[in-house]
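Please look over the sequence and the model, then read the points below.

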Amino acid sequence: MNDIAYPMFSGDSLDEIYLELASLLFHYGEEVSPRDKTTIELVNVQFHLLDPMQSVITIPERKLSLKYLEAELDWYVSGDRHIKNIKDHATIWSEIADDKGKINSNYGAFVFHDLMNSGDTQFEWCLKQLKKDPDSRQAVINYNDPSHKYDDNKDFVCTIAQQFLIRNGFLHCTTMARSNDFIYGLPYDIPWFTFVQEKLAEDLKLELGIYTHFVTSLHVYKKHFKLLGEISNVHYRPN
């Protein structure tokens, strides 16, 4: 097995990591077509963002929409699974909503709003576990769950879980995802996960540690192959 299929590396900023990933996808990604949609893919990708405060991509070729990022973060925090307050910012939400205009993937609902049997949110669960036992391995937020497994589900949640560890006085975070779209998904997802990490660290009065991301399938759709090439060339641009 070619070891390039399992890349793992670190970077101080998401910009640095994104350029490395673009280069790997462009040169070593393999073609697969789930749901008959052509993609190039890397599997079992892991990276460590050493400074979670640098989680917003500023690479000019990517042209990240800060307006949309802000709108998505606000919508997540609201916990509203109806798309009325986000659909005008990105067409994807209308494409995956059910006939009542609702979706599964409002990440903030899982974190700050949905109540467990205990009456706590998952964020409150993590906060309590880490206050009670700073060495705990149980501070986990689940996103994808069995209720999402039904036929014709257009919104099968991409993120599996987010876990937090306190080690050596720092709050570290690891996110596990089954799938990440390199162009539309990952650049907007990471700021959310680091936002939750930052909020939990603040409530625990701890310093931010490392953010680690693991994704089983990191991919680019055919319509973005040209853009991937433009981004990956940045990596090799002479100083």
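A charge sits over a ring if NZ of Lys or CZ of Arg is within 6 Å of the ring centre and within 35 degrees of the ring normal. By that rule, the charged end of Arg-81 sits over the ring of Phe-110, 4.9 Å from the ring centre.

This is a predicted model, in which local features need pLDDT of at least 70, side-chain atom pairs count only at pLDDT 80 or more, and totals for chains, interfaces and linings use all residues. Residues are numbered from 1 along each chain as its sequence is written, and side-chain values use heavy atoms, with hydrogens and water left out.

**Aromatic rings**

- Rings of Phe, Tyr and Trp (its six-membered ring) pair if their centres lie within 6.5 Å; planes under 30 degrees apart count as stacked, over 60 as edge-to-face and the rest as tilted.
- The count of aromatic pairs comes to 13.
- Phe-110 and Tyr-143 make an edge-to-face pair, because their ring centres are 5.7 Å apart and their planes stand at 70 degrees.
- Phe-110 lies in helix α4 (residues 107-113) and Tyr-143 in the loop between β4 (140-142) and β5 (159-167), so this pair ties together parts 33 residues apart in sequence. Helices (H or I, at least four residues) and strands (E, at least two) are DSSP runs, numbered from the N terminus.
- Phe-110 counts as buried at 5% relative accessibility, and Tyr-143 is buried with a relative accessible area of 0%. Buried means under 20% relative accessible area, exposed over 50%, and partly exposed in between (1.4 Å probe, protein chains only).
- Tyr-143 also forms an edge-to-face pair with Phe-193, at 5.9 Å centre to centre and 85 degrees between the planes.
- That pair links Tyr-143 in the loop between β4 and β5 to Phe-193 in helix α6, 50 residues apart.
- Phe-193 is buried, with a relative accessible area of 1%.
- One aromatic cluster includes Phe-110, Tyr-143 and Phe-193, and among its other members are Trp-75, Trp-93 and Phe-123.

- A nonpolar core is a set of buried Ala, Val, Leu, Ile, Met, Phe, Trp, Tyr and Cys residues joined through side-chain atoms within 4.5 Å.
- The largest such core has 64 residues, and those with the most contacts inside it are Trp-93, Tyr-143, Phe-164, Phe-182 and Leu-200.
- Helix α6 gives the most to this core, with nine residues.
- Val-196 is placed in helix α6 (residues 186-204) and counts as buried, because its relative accessibility is 0%.
- Leaving aside neighbours within four places in sequence, Val-196 is in contact (heavy atoms within 4.5 Å) with Val-111, Phe-123, Ile-141, Gln-162 and Phe-164.

- Two strands pair if DSSP finds at least two bridges between them.
- β3 and β7 pair in the antiparallel sense over 10 bridges, and Val-43 stands opposite Ser-217 in β7.
- Strand β6 (residues 170-181) and β7 pair in the parallel sense over 10 bridges, and Asn-180 has Leu-218 in β7 as its bridge partner.
- The chain crosses from β6 through α6 to β7 in a right-handed β-α-β crossover; right-handed means that, with the strands pointing away from the viewer, the path from the first strand over the helix to the second runs clockwise.
- In helix α7 (residues 225-234), Leu-227, Leu-228, Gly-229, Ile-231, Ser-232 and Val-234 are buried.
- The cover over the buried residues of α7 includes α1 (14-28), β3 (39-49) and β7 (207-221).
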